[in-house]
Amino acid sequence: MTAPRLHVLVQAGGRGSRLRHHTWNKPKCLVSVDGKPILYHLFDRFPQARFVVIGDYMFDQLERYLQVNPPGVDYSLVKASAPGTLGGVADALQEIPADAPVVMAWSDLVLGDLPPWPQTELPVVCTTAAFTCRWTQAPEGHLHEKPGTTGGIPGLFYFPRASVLPPPPPSGEFVRWFARAVPDFATLDCPDLEELGDFSTIETSNDRAGFSRYFNHVEMGETRVTKTVVDHAFDDVHSREVSWYGAAKGLGFRRIPKVYGEGPLVLERIKGQHAYQMDDLTPRERRAVLADHLDSLISLHDLGRTAADADDVRQVYLDKTISRVRSISAMVPGFERKAMTVNGRKCRNPFGGDQAAPLEELIDALQPSRFVPIHGDATFSNTLVDDKLRTWFIDPRGYFAKPGVMGDEWYDFAKVYYSAVGGYDAFNRRKFKLHVDHETVEVLMEDSPFIPAAQAIFPEYFGAEMGRIEVIHGLIWLSLSGYARDDIDSAIAAFYMGLYWLETGLGRL
C-alpha cells in the first residue's frame, strides 16, 4: 500500500510589521532572503510534498506572485477568514486527508537539516536554541509563554496523521491553543533553523546579498579569492566569467585580477573597495575615481573592434527588455496605465493602454557603429578601487547578446551611469522605500554621492551622446524588473525607475 503523501501546512498570513517598509507592498512570506522569497525556501525544502498555504495580509499579491513565479510544487491557497496564527488552519486541514502526515510551519522560518521525525503517534513540537522564541518548553514539559532560547518554540510542528490534531478554533494564537488542547506531545530539537526576524535581520541579509550572489560561495583569503558555484543551474555564469577573463587578458587589458584557477575560480585579491563604500572621498577624489573608471573602460574598448550586429542590439535593448517586463506585469500596480507620475515626474508608459511597444522606434537610434570588447556589467558593485584610486574590473557579464567579449560600448557606459547617477548599488542592497498609489509612485533612495561628479564628467566625455546613454540606462532598469523578480518591491520599483529614466533620455535622444 502506498504511504499517504506528506502535506506541509504553511501559516503565511502575517504582515510582519517588525520588518517596516519591507512589507508595505507584500506579505512577510514574500520577503526575499538569499535570492528567493522566504516561502520558496520551504517549497525547496519539501519538493515532493503537497502544500496548503494560508494567506491573509496582501492575499491578492501573494496569489499573483505564485502565478507569475510558479514554485514547482503542488500547492493550494487558503485565505484566512479570522486573525491570528489559528486563522485559516481549520479550513486548511479540510484539504488534507486525515491519514496524511503533516508538517506545519510558520512562513518566516528557513529550515536547515532536520533530524528524523520521531516514531510516535503523538504530535511533535519542534524546539530550538537557534534564536529567541516567545514561547518555550517549561522544565516540567508543558509549553508556556516565556521568552528564551532554551526549548524555544519556533513555529514548526509535525503530526504523523492530520487526525491527531484536535479540531482547532477559527481564530486566536495557535501555540496558546495547542498548549491547552494537546497535553501529550513529543518534542524534537532542531538546531539548524533560521528566523526572518526583525528589520535589522533583513537589512543585514540585504547588505550581505549585495556582495555575493546566492548561487556562489565566496572565500576571501589574504591574497586570493575563491568563487565556487553552489547552484549548478548557474554553471553557465561561471563559464562566461572564466572565458571573459581569458579573453580580456589575451587582449592585453590590465585592470583585472590574475586568474590562478578555473574550477573553482581562483582570483588574485585586489586590495580595494567598491566605490559606493568609500564615504570619506572628497569631491575631487570622486571625480578622479569616476574619470579613471571611464578611462579604463575606454582603454578596454580600444583593444578591438568588429561590425555591430543589429540583431544583437535589438535582442538586448528591445526583445529582452519587453520579455522581462511582461514576465512580471501581473505584479506591477498601474502597469496598464498610459502614464504614471514617478518621483514627481509624469512618465509615459510604453507598455500601457493601446501604446503597442513604441520602444521599437528607439532601436534605429541606438544602433552603434561598431562592437568592441566590453565588460558588460561595469557597475560599482563589479569594480574595486585601490588606494591609488584606480579602478579594477571584476564579475564581468561575459556576453552582450551572445557569449563573448564583444558588444556595444554604450552599454558599458550606461552601466556606469546606472551606478553613479541611478543609485543601482544601493537599490541592489534594497536600500529604498516604495510607495505606490493609483497614479503616483515614489521610489525613495538616498542620492548617490557621485552625482555631482557624473553630472560634470559624463557630458564632458560624451556630449551629444548623453541621450543615448540615458535611454539605455532606462532600458537597463526596465530589464532589471524581470531579473529582480525574487522581490516584489524591487521588481515594481525597477519598472518605474525604468520609466523615469527613459522619460529623461527621450528628451535628449
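## Before you start

Because this is a predicted model, local features need pLDDT of at least 70 and side-chain atom pairs count only at pLDDT 80 or more, while totals for chains, interfaces and linings use all residues. Residues are numbered from 1 along each chain as its sequence is written, and side-chain values use heavy atoms, with hydrogens and water left out.

## Two cysteines without a bond

Let us begin with sulfur. A disulfide is a covalent bond between the sulfur atoms of two cysteines; here it is counted as a pair of cysteine sulfur atoms within 2.5 Å. The structure holds zero disulfides.

(Buried means under 20% relative accessible area, exposed over 50%, and partly exposed in between, using a 1.4 Å probe and protein chains only.)

## The second largest pocket

The second largest pocket has a volume of about 750 Å³. Of its 29 lining residues, Arg 18, Lys 28, Thr 85, Trp 106 and Asp 108 are the closest to the centre. The lining is made up of ten nonpolar, twelve polar and seven charged residues.

On a 1 Å grid over the protein atoms alone, a pocket is an open set of points where a 1.4 Å probe fits, with protein on both sides within 12 Å along at least five of seven lines; lining residues have an atom within 4 Å of a point. Points are joined across faces, edges and corners, and the volume is the space filled by probe spheres set on them. Ala, Val, Leu, Ile, Met, Phe, Trp, Tyr, Cys and Pro count as nonpolar, Asp, Glu, Lys and Arg as charged, and the others, Gly among them, as polar.

## One face of helix α4

Which residues of helix α4 (174-181) are buried? They are Phe 174, Val 175, Trp 177 and Phe 178. Helices (H or I, at least four residues) and strands (E, at least two) are DSSP runs, numbered from the N terminus.

Leu 384 belongs to strand β21 (383-385) and is buried at 12% relative accessibility. Beyond its neighbours within four places in sequence, its contacts (heavy atoms within 4.5 Å) include Ile 270, His 274 and Trp 392.

Leu 475 sits in helix α13 (466-483) and is buried at 4%. Leaving out residues up to four places away in sequence, Leu 475 touches Tyr 317, Thr 321, Leu 359, Leu 366 and Leu 502.

## Spots in the loops

The peptide bond from Gly 263 to Pro 264 is cis, with omega near 10°, and Pro 264 is in the loop between β16 (259-262) and β17 (265-268).

Met 58 is not a glycine, yet has a positive phi of about 55°; this residue is in the loop between β4 (50-55) and α2 (59-68) and is partly exposed at 31%. Asp 395, also not a glycine, has a positive phi of about 45° and is partly exposed at 25%.
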